[in-house]
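Biologist: Hi! Could you walk me through this one? I'm new to reading structures.
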Amino acid sequence: MAIAKMKKLTLISFHEQKDQLLQSIQALQRFEVVDLPSSDLGELDVSPYEVDNLETIVKKYETRIDQVQTALSFVQPYLPKRPLKETLREKRKEYSLEELEQEIFTFSPKTLVKDVLDLEKRLDTIAERKKRLTRQGSFL
């Protein structure tokens, strides 16, 4: 595989046109979009209201991350074990831009995590009931 020389390009645009611009760039399939780190933007003046708002958003996402980690730890034992060699040989799926958009619009991580956590609660309830019935059976 040949290595192509890379060039950097910095685009600055209005925030309202961000989605349209990103979609156009991604349609070219020749660019990798990377956000500038906030440290590159210099010192920003932020109001206390904005700080509180950001803290609320961060807490919300931390809660979501905890839910996702809980769901993953619940599902992990049920996933099939595959050898590393087989996993590395597997080819990546390739999507066109339209297929990728369709996949993103149909997939809902919130719903998936909620369903997994509901199943975990249901499984815990069933295990508790089984335990209780086993105790009753041994008593009888």
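Modeller: Happy to! Let's start with arginine 82, which is partly exposed, with a relative accessible area of 40%. Partly exposed lies between buried (under 20%) and exposed (over 50%), using a 1.4 Å probe and protein chains only. This is a predicted model, where local features need pLDDT of at least 70, side-chain atom pairs count only at pLDDT 80 or more, and totals for chains, interfaces and linings use all residues. Residues are numbered from 1 along each chain as its sequence is written, and side-chain values use heavy atoms, leaving out hydrogens and water.

Biologist: Which residues are linked with Arg82 in a network of salt bridges?
Modeller: Glu86 and Glu90. A salt bridge here puts a side-chain nitrogen of Lys or Arg within 4 Å of a carboxyl oxygen of Asp or Glu. The N to O distance is 3.9 Å for glutamate 86 with arginine 82, and 2.8 Å for arginine 82 with glutamate 90.

Biologist: Why would such side chains pair?
Modeller: Side chains of opposite charge can pair when their charged atoms come close.

Biologist: And how many salt bridges are in the whole structure?
Modeller: The search finds 3. One of them joins aspartate 118 to lysine 114, with the closest N and O atoms 3.0 Å apart.

Biologist: New topic: which residues make up the largest nonpolar core?
Modeller: Ala71, Phe74, Val113, Val116 and Leu117. Such a core is a set of buried Ala, Val, Leu, Ile, Met, Phe, Trp, Tyr and Cys residues joined through side-chain atoms within 4.5 Å.
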